[in-house]
Amino acid sequence: MNVSRYAFQLILFFSISLSQNNFLSQLSFDFSGSISYNYMSRLSNGKEIKLPYNLFFAKTDIKLGIWDLTVIPRMEFRNGETSANYSFREIYLSYYPKWGEVKFGKQINFWGAADGINPIDNLNPYDQYYLFSSGPDKKIGIFSVFTKIYFQESQIELAFNPNNEINRMIFNEPDFPLSLDIEPLIEARSKSFPEIGLRYQRSFDKGDLGLSFFMSKDRTPSILIADFNTNIFLPKLGYRNTKMFGFDFVTFFNSMTLRSEIAFFQSTSPAEYDIPIDTGFFQLDQDISSTQYIMQVEYTASNGLQLNMQLIGNYIFNENYDWVNMESKNSNLDLNNSSLVPKFNSGMGTPFAIIFNKSAILTASGFLLDRSIEIQLNSIYDLNNDGMLIGLNMNYSFLTDWKLELSMTKFHSYNSSIENPFFNMKDFFRL
């Protein structure tokens with residue numbers, strides 16, 4: 001659905017509610033926002049890294065009784081260019097009955113117990129330009145209906161997205177080492193179906209426990225079809241069907257907090273395609289079971305120092321592939337025993353678990369000068385000995401509502417494989 005059209009519909013609906021009800025005494029407006037300028041360069045040669053960033057962000061809430069209209073525009077900018085990209089990150093209407101809440105419109109919702117890396121959180125696509133950002137910047141708002149139902153110490157969350165949405169991928173970006181050369185061409189498009197999510201959460205004295213389910217298509221493409229009319233292998237990309245079953249919990253022990261999430265994925269090839277089936281076309285019939293997980297331990301010292309350790313990873317415990325002729329439905333064992341079966345890449349889940357495989361993340365943060373300066377040290381160490389990342393981040397609030405942020409990131413690789421993200425990012429030292 002066109003964003004401008006349903007934005008107009010939401011505003012019109014809210015305006016009619018204003019004119020037909022006597023709740024004007026309950027009417028309130030909340031506005032907040034920020035303007036930021038970013039400059040990023042390589043530590044190796046001082047060359048500027050020109051990637052897009054959010055120059056302007058604003059949030060407006062119009063509240064009237066049990067109704068709430070939220071509008072969040074943003075402006076994305078790239079240094080050296082004269083134009084900017086304007087869009088609504090979110091625009092949705094909320095309704096708060098006694099039993100819970102309902103949100104309708106373009107929105108970003110979150111699932112999970114861990115901080116920043118959430119394998120079970122697949123409600124929204126990822127914006128890969130902002131993977132190292134915190135908060136909602138790394139997610140893409142989509143049109144959906146989201147409902148929470150509260151009862152006693154439990155709550156149920158329901159998500160309905162009418163369309164399958166995909167990640168924003170990075171391509172043709174010379175300044176970003178993991179960028180694709182060209183935008184992937186999706187030729188094996190399968191029939192669309194709604195995305196459905198369900199989560200149950202129960203609160204206890206010492207924490208929370210959650211169970212979740214999500215059904216969608218993958219958010220990144222993979223090889224589904226190949227043309228063997230010639231002697232050249234010509235793959236065609238599309239999106240698998242994937243179901244996710246998730247488990248998460250958080251619990252507390254004095255100054256320590258334990259958080260964990262584990263997501264089980266069942267990925268299969270679509271049954272039907274919207275492209276012509278010609279002689280020589282083969283379908284890669286796939287049935288893959290995989291999992292992504294995160295375990296997190298937090299400790300807060302008496303002096304305010306916070307320590308955080310996360311263990312993230314993924315594991316494939318079942319892979320079945322079969323090249324099947326789409327016309328005769330016969331299998332071709334010669335193709336299955338060759339290198340024409342692609343390496344499995346998960347099309348859903350947190351990109352961190354995919355990019356950095358099995359890794360340990362360590363973070364330490366604290367404040368100085370009456371909390372006007374925040375210093376954060378972080379590192380990612382690949383447990384397969386592929387490499388490591390070391391980062392420093394410092395925020396200085398020198399005036400009310402003004403903040404200066406300085407970040408430095410360095411990648412180090414232990415092997416020179418082109419499949420090693422630490423090797424590909426080794427020249428991406430950032431200031």
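Analyst: Let's start with glutamine 310, which counts as buried because its relative accessibility is 6%, and buried means under 20% relative accessible area, while exposed is over 50% and partly exposed is in between (1.4 Å probe, protein chains only). One caution: this is a predicted model, where local features need pLDDT of at least 70, side-chain atom pairs count only at pLDDT 80 or more, and totals for chains, interfaces and linings use all residues. Residues are numbered from 1 along each chain as its sequence is written, and side-chain values use heavy atoms, with hydrogens and water left out.

User: What is glutamine 310 in contact with, leaving aside its neighbours within four places in sequence?

Analyst: Contact means heavy atoms within 4.5 Å. By that rule the partners of glutamine 310 include Asp115, Ile117, Met295 and Ser359. Glutamine 310 itself is in strand E16 (residues 306-325); strands are DSSP runs of at least two residues (E), helices are runs of at least four (H or I), and both are numbered from the N terminus. A polar atom of the glutamine 310 side chain also lies 3.1 Å from the backbone oxygen of aspartate 115.

User: How do you know that arginine 89 and aspartate 137 meet in a salt bridge?

Analyst: Check the distance. A salt bridge needs a side-chain nitrogen of Lys or Arg within 4 Å of a carboxyl oxygen of Asp or Glu, and here N to O is 3.2 Å, so the pair qualifies. The two are 48 residues apart, with arginine 89 in strand E4 (residues 85-95) and aspartate 137 in the loop between strand E5 (100-107) and E6. Arginine 89 is called buried because its relative accessible area is 9%, whereas aspartate 137, at 23%, is partly exposed.

User: What makes glutamate 187 and lysine 236 a salt bridge?

Analyst: Their closest N and O atoms are 3.6 Å apart. This pair also links distant parts of the chain: glutamate 187 is in strand E8, lysine 236 in strand E12 (residues 234-238). Glutamate 187 counts as partly exposed at 31%, and lysine 236 as buried at 15%.

User: How many salt bridges does the rule give?

Analyst: The count comes to 17. Some join up: Arg74, Glu76, Asp127 and Arg168 are linked in a network.

User: Why is glutamine 152 called exposed?

Analyst: Its relative accessibility is 81%, so glutamine 152 is past the cut-off for exposed. Glutamine 152 sits in the loop between strand E6 (142-151) and strand E7 (154-161). Its phi is near 50°, a positive value in a residue other than glycine. Asparagine 172 has a positive phi too, about 55°, and counts as exposed at 56%.

User: Which residues touch the most other members of the largest nonpolar core?

Analyst: Leu51, Ile117, Ile312, Phe352, Ile380 and Phe422, out of 19 residues in that core. A nonpolar core is a set of buried Ala, Val, Leu, Ile, Met, Phe, Trp, Tyr and Cys residues joined through side-chain atoms within 4.5 Å. Apart from it lies another core of ten residues, including Leu123 and Phe146.

Methods
A polar contact is a pair of N or O atoms within 3.5 Å; within protein, one must be able to donate a hydrogen and the other to accept it, and residues adjacent in sequence count only if both atoms are side-chain atoms.
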